[in-house]
Amino acid sequence: MFDKKQKSYTDLLGKTNRIVEGTTIKGDIISHADFRLDGNLIGNFQSGGKIVIGPAGSVTGDIVCKNADIEGKFEGKIQVTEVLNIKSKASIHGEVTTGKLSVEPGADFSASCTMKTNAKNILQNDDQRNTK
């Protein structure tokens, strides 16, 4: 009568992956869930969710995701279909393509930026460039 189906371990945690400070990954990461990076990634990241790069985190490579909060360092090309939040202690160098952009005062934003109002346009334009 009162038997409840137990939730899986990932359901209890909210399905967020985490790389802690002091960890370095060389290679590509593909994730469907949200991701928090406080370590270092040398490679590419792709997600259907959100990436958070913490104050100690850094990424050198390309990122493709739905939403992003950056407080650490990023160097490369980033494509965000919805909202990119750049915090005051962040350092961004490279190319940015996003739907909406929020940059806090004090951030180091040295990047070319393209704003796309429709998420489909971001992916379609990228596909067209790759086929040429």
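A residue counts as partly exposed when its relative accessible area lies between the buried limit of under 20% and the exposed limit of over 50%. Lys66, with a relative accessible area of 36%, is therefore partly exposed. The model described here is predicted. The protein chain comprises 2 helices and 12 strands, and 33% of its 132 residues count as buried.

**Overall architecture**

- From the N terminus, the order of elements in the protein chain is α-β-β-β-β-β-β-β-β-β-β-β-β-α.
- Among contacts in the protein chain with a separation of 6 or more, 4% are between residues 24 or more positions apart.
- The protein chain exposes about 8400 Å², of which carbon and sulfur atoms supply 49%.

**Nonpolar core**

- The largest nonpolar core consists of 21 residues, and Ile63, Ile70, Ile78 and Leu84 have the most contacts inside it.
- At least two residues of this core come from each of β4 (34-37), β7 (50-53), β8 (58-65), β9 (67-70), β10 (73-86) and β11 (91-103).
- Strand β10 provides the largest share of this core, namely 5 residues.
- Leaving aside residues up to four places away in sequence, Ile78 touches Ile63, Ala68, Ile70, Leu84, Glu95, Val96 and Thr97.
- In soluble globular proteins, nonpolar side chains tend to be buried together.

**Salt bridges**

- The whole structure contains 4 salt bridges.
- Asp38 pairs with Arg18 in a salt bridge whose closest N and O atoms are 3.1 Å apart. This pair joins distant parts of the chain, with Asp38 in the loop between β4 and β5 (40-42) and Arg18 in strand β1 (residues 16-19), 20 residues apart.
- Asp38 is buried at a relative accessible area of 7%, whereas Arg18 counts as exposed at 54% relative accessibility.
- A network of salt bridges links Arg18, Arg36 and Asp38.
- Lys50 forms a salt bridge with Asp69, and their closest N and O atoms are 3.1 Å apart. Here too distant parts of the chain are linked: Lys50 lies in strand β7 and Asp69 in strand β9, 19 residues apart.
- Asp69 is buried, with a relative accessible area of 14%, while Lys50 counts as partly exposed at 30% relative accessibility.
- A salt bridge also joins the side chains of Glu82 and Lys66 (3.9 Å, N to O). Because Glu82 lies in strand β10 and Lys66 in the loop between β8 and β9, the pair ties together parts that are 16 residues apart in sequence.
- Glu82 is partly exposed, with a relative accessible area of 35%, and Lys66 is partly exposed at 36%.

Terms used:
Residues numbered from 1 in each chain as written. Predicted model: local features only at pLDDT ≥ 70, side-chain atom pairs only at ≥ 80, totals over all residues. Heavy atoms only, no water. Core = buried A, V, L, I, M, F, W, Y, C linked by side-chain atoms within 4.5 Å. Buried < 20%, exposed > 50% of the residue type's maximum accessible area, 1.4 Å probe, protein only. Helix = DSSP H or I, 4+ residues; strand = E, 2+ residues; numbered from the N terminus. Contact = heavy atoms within 4.5 Å. Areas by Shrake-Rupley, 256 points an atom, 1.4 Å probe, with all protein chains shown as cover.
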